[in-house]
Amino acid sequence: MKKVLSILFSAAVFLGIGSPTFAAENDYQKAIELIEKTNKEIDKKIEDAVGKADQLQSDYLLDIRKIEEGDQVVKLKGEREKALSDLESAKNDVKKQEELNKKLAEINTRLEEEQAKINSKITEINQEINDVTGKLMSGNDKDAQKIEEKINKLNQKLNEKSTKYDEKTSRFTKDLDKVIFDVYEVTLKMSDETIKKAAEKGVQAECSWKLVRFADKWVWIDPIRIVGC
């Protein structure tokens, strides 16, 4: 009977001492798992945001090319790049090479024609500006105000690219800033909440800032690291 009581007493002492230790270890493990889970979720959100930023930049650069060169020129250059790539892949196919070389020659001809049209249009506008300016300076035309208005309209045509460029740049900057701001705010909130929950379980953690590239901008984002327990 004394042995039974002794065993029960020993078990009670063991459980009384062991339970808090076990609970503490369990809390620590849960805190670690929570931090790891949050960091994985943060990494995924950063990855998605970087993808969005890269796509925005790609679209923006394509828009700028279209403004600078014209839609048709950009399209033809894309066709030429593909034809050149196909030609590289068809090294051992003489017939295919002949077809692709013919296609390339046609594309280059069309490119030259499109570029000539653009140059001709610019030359035409400049010539018209010179003619109208000449009339204004010579004083042959009494209606100077109308001539000045016409000059302004012609100059506006020449400045169309600059205006479109500014609009596209402003839009790209605004959209990119929103992507960055959103992921920054969301991940910071996730870090703060997890750090508080980890502290409740006896684990001290803090934001571990890392530099991330979003298109042409670099931003500090905040995964979590353990600093003590």
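**Exercise 1. Classify lysine 178 by accessibility and describe its salt bridge.**

Step 1. Lysine 178 counts as exposed, because its relative accessibility is 51% and the class is set by relative accessible area (buried under 20%, exposed over 50%, partly exposed in between; 1.4 Å probe, protein chains only). The structure is a predicted model, in which local features need pLDDT of at least 70, side-chain atom pairs count only at pLDDT 80 or more, and totals for chains, interfaces and linings use all residues. Residues are numbered from 1 along each chain as its sequence is written, and side-chain values use heavy atoms, with hydrogens and water left out.

Step 2. The side chain of lysine 178 meets that of aspartate 182 in a salt bridge at 2.8 Å, N to O; the term requires a side-chain nitrogen of Lys or Arg within 4 Å of a carboxyl oxygen of Asp or Glu.

Step 3. Both residues lie in helix α5, 4 residues apart, about one turn of the helix. Aspartate 182 is partly exposed, at 33% relative accessible area.

**Exercise 2. Find which elements the salt bridge between lysine 217 and aspartate 177 ties together.**

Step 1. The two side chains meet at 2.4 Å, N to O.

Step 2. Lysine 217 lies in strand β3 and aspartate 177 in helix α5, so the pair ties together parts that are 40 residues apart in sequence. Helices (H or I, at least four residues) and strands (E, at least two) are DSSP runs, numbered from the N terminus.

Step 3. Lysine 217 is partly exposed at 29%, and aspartate 177 is partly exposed at 33%.

Step 4. The count for the model comes to 7 salt bridges. Another of them joins lysine 37 and glutamate 41 at 2.7 Å, N to O, both in helix α1.

**Exercise 3. Describe the lining of the second largest pocket.**

Step 1. A pocket is an open set of points on a 1 Å grid over the protein atoms alone, where a 1.4 Å probe fits, with protein on both sides within 12 Å along at least five of seven lines; lining residues have an atom within 4 Å of a point.

Step 2. The lining consists of Lys45, Asp48, Ala49, Lys52, Val179, Asp182, Val183 and Val186. Elements giving two or more residues to this lining are α1 (2–69) and α5 (160–200).

Step 3. The lining divides into 4 nonpolar, no polar and 4 charged residues. Asp182, one of the lining residues, is also the salt-bridge partner of lysine 178.

Notes:
Nonpolar A, V, L, I, M, F, W, Y, C, P; charged D, E, K, R; others polar.
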